Amino acid sequence: MPVLAESPPMVPPRTRSLVSTSGAEQAIKAFFGGNALVALLVLALITVFLFREGFGFFGQNLNNLRLYRSAGLEYVDFIRVEAEKHSELTRALNDLRLRQFQKMQIEGVAPEQANASLATFDEFATAFSDTSEPLNGLVSDLSEQASALKEQLFAQAEAGATAGAPPVERDAALAVLRAGTQQYDQAVSGVSTGVDQLLSTAPPLPEAKLQQTFDKWKQRARDYVAQLPAAGEKLRAWSPDTPVPWYRAISAFLFGHDWITASFWQDWYGIRPLLVGSIMVSLVALFFAVPLGVASAVYVSEIASRHEKRIIKPYIEFISAIPSVVLGFFGIAVVGTAVRAISELPMFSWVSFFPISERLNVFTAGLLLALMAVPTIFTLAEDALRNVPRGFKEASYALGANRLQTIARVLVPASLSGIVSAILLGLGRVIGETMVVLLCAGNRIDIPDFTQGLGAFFQPVHTMTGIIAQEMGEVVRGSIHYRALFMVGLVLFTITLLINYFAQKLVARYRMSIG
Amino acid sequence: MTSVRPHLRRSRIIERIAFWAFRIATYIVLAFATYIFLDIGIKGARTVFTTTAPFVNTTFLFDRPQTLYVFEHEGQKMTLGDTDFRAWKETHGEPAVDPTTVAYSAGGIWPCIVGTALLVVGSMVLALFVGISSAIYLSEYSRNGRFIKLVRIAILNLAGVPSIVFGLFGFGLFVIFFGWNVSLLAGWFTLGLMILPAIITASEESLRAVPQGLREGSLALGATKWQTIRKNVLPYALPGILTSSILGIARVAGETAPIMFTAAYAMRDEMPWQVSRASDFVFQGVMALPYHIYVVSSKIPQNEYTERVQYGAAFVFLALVMLIALTSIVLREKSRSRLSW
């Protein structure tokens, strides 16, 4: 029997060369690892730079608000608010006259005759408008003084405490300003006697319904006169030296309802009109994109024939590649005009806010954004539907349910969290989209007039993304306006991170629910 | 034969109605998109194509944007570009009435096409390099630890960051902090980083699709990890990676917001290669097609003189991006049917 020769060991002992390559291997691994770090690094850098460039805003805004008080601009604005309320009443009066006139036109009254019968009303309106003269005069006088003082104070702050700076006679200037309180009281008594007299001799309107509105207006005018002295109390209580608390800089940004820049009077950086604009546009977009996106996902995954599926799926993905700027251009060139033309059709004359005046508005932008959101929602929702285990469907059929019942009671509920996360990601895409809203939303920085109900969705707005894109190119680096834009970017960044976070949570839950 | 019971018949009718509703919803989306393609395609084709040889409007494609001069001369309406107008003035003298000028509406869009190509190539090289490297790490080296979890969360969140925020970031970091000013380099980095999450996700998917057996076989033969990746994983994953990345190219080319204040100029007379020193090449701003479309659709009015450049530019851009996207989708559909391990 031959003896088996001793076989060589199966595993060779470690040689030097293997050890040395493992050093290179380590280096290669470290290199790839470093690249993987880039994503983390970029996210961190984005956060850091948004904060770095944006956070100085609060300090600057606090100074801005302090100057607003110490130079007496706030004081003047108390009176200005009252003057503006007055002119609003005048506008309502003119609007009333216009409606009465249109009514008469419809009834077939000749324009001259209509004008003649409204002559007494016109006299009344003019007289009412004239009662605001003393208030307006006071505002414009005081505005000039306050502006001058603000400029001096600003120049002084710029120059720092250098010796050469001319001393600002702030107390004297403020004393002149505060004399306005008495003038205001006089003006108020003038306005109230004037308005009272006018109201007692107000002419009637021929149309009963408008007469009712007119009566309501009269009540508004009386209320207005009654609250005028309250502003006087505010003027007396006002002091230029009351400190502005630090949190005002933040609350004025988050809740302020004006975004006014490069103004001669006072700059305001309130994000609310932009936020409202972004939200409204997104609502319109989701209103269209959610039903369409989810319905087409259901259609493609459950109902369509194989041939249809092979065309529709790539086509919808193809839509997602349409550049947003091309969509925006299409909005300006075609959709905006079409929306306005449709609103002018006689068949829509029953809609109170039609015809619309601006072709570029929330609706136009939302419609185009819907087209951008549909592919996102479609792709993810279709994925979720397709991943529902076969057994769910088969069990449902076995129980005698038909296809619609299976879709509505089994498939959609089982993939609901997946569908909702698809909608959330669609929302994330819509709210962060820039070019379409910049081109099609109308770019008016104003909170739409919600008293018109749904008509608010046919008014132009400005959005957070739009304002950054529009104003970033023109601002001075390091200025308060520049920093305010970075703050808007930070808010936008936070919102999208939150949306993303919830979408991921839902996806995780979806994975669990289908096992 | 028993007839179908009435409640069954009713539910069948409801089913049919519901299916039609789904079908109509789907086709509304398709119709709206098709209308956009047709509108821009038909109106843009009038600018881009001509009826005589070479059938392509070479002036529009290969000329610079110029100001358009519109005026009347001896009862005829003249519409001349800047260069032609100057030549015309040489022979005819000043026109009797001051001409109306419309910016950007004459000439072509050549610098924009070149600029966009430069931006896309640079940012894609950057994004592919970093993206594929990260994906290799994530799929081949990493074990599930806290660090990897953090990286994955970062990638997911980065994908949701709005492009305008990337623009702000690029402006803050590259343009101001690094002092690169408005330049190609700043645009490359901004766009490259923006597209990074998509590239990483696509690459990782392709890498994971390579069967484990290939790696194990290679390792069993004594190859090192890197040799395995280089010889046995990457070659099989690369076609998939590139295919999905083409969609990334379409997105990079299509974005406007990130380059608005990092790389794009509204108007520049020199072409990118006309720089005094070679080192200046990456530090110059360029004109870009998407930004040009933004400028011509928002800064000049809509009328018969501007329609040419507006629709023409939109057409060329849409056609380019759609061609890229189509390539990607077709390649993917093909590879899906072919690739089965």
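The model here is a predicted one. As for where B:Asn181 sits, the residue is found in the chain B loop that runs between α6 (163-177) and α7 (184-209). Its backbone is worth a look too: phi of B:Asn181 is near 60 degrees, a positive value in a residue that isn't glycine.

Chain A has an asparagine to set beside it. A:Asn443 has a positive phi, near 50 degrees, and again the residue is other than glycine. A:Asn443 belongs to the loop between α18 (435-440) and α19 (464-471) of chain A. Its surroundings hold 18 C-beta neighbours inside 10 Å, so A:Asn443 counts as partly exposed.

That loop leads on to an annotated stretch of chain A. UniProt, in an unreviewed entry, lists residues 275-503 of chain A as "domain: ABC transmembrane type-1". In the model, this span is 71% helix and 0% strand, and its end C-alpha atoms lie 21 Å apart.

Then there is the meeting of the two chains. In all, 69 residues of chain A are in contact with 71 residues of chain B. On the chain A side, helix α1 (residues 16-54) gives the most, putting in 18 residues. Sorted by class, the side of chain A that touches chain B has 47 nonpolar residues, along with 16 polar and six charged ones.

Notes
Residues are numbered from 1 along each chain as its sequence is written. Chains are lettered from A and ligands numbered from 1 in the order in which they are written. This is a predicted model: local features need pLDDT of at least 70, side-chain atom pairs count only at pLDDT 80 or more; totals for chains, interfaces and linings use all residues. Helices (H or I, at least four residues) and strands (E, at least two) are DSSP runs, numbered from the N terminus. A residue is buried if 20 or more other C-beta atoms lie within 10 Å of its own, exposed if 12 or fewer, and partly exposed in between; C-beta atoms are placed from the backbone. Two residues are in contact if their C-beta atoms, placed from the backbone, lie within 7 Å. Ala, Val, Leu, Ile, Met, Phe, Trp, Tyr, Cys and Pro count as nonpolar, Asp, Glu, Lys and Arg as charged, and the others, Gly among them, as polar. UniProt positions are given in the numbering used here, feature names are shortened, and annotations may be inferred rather than shown by experiment.
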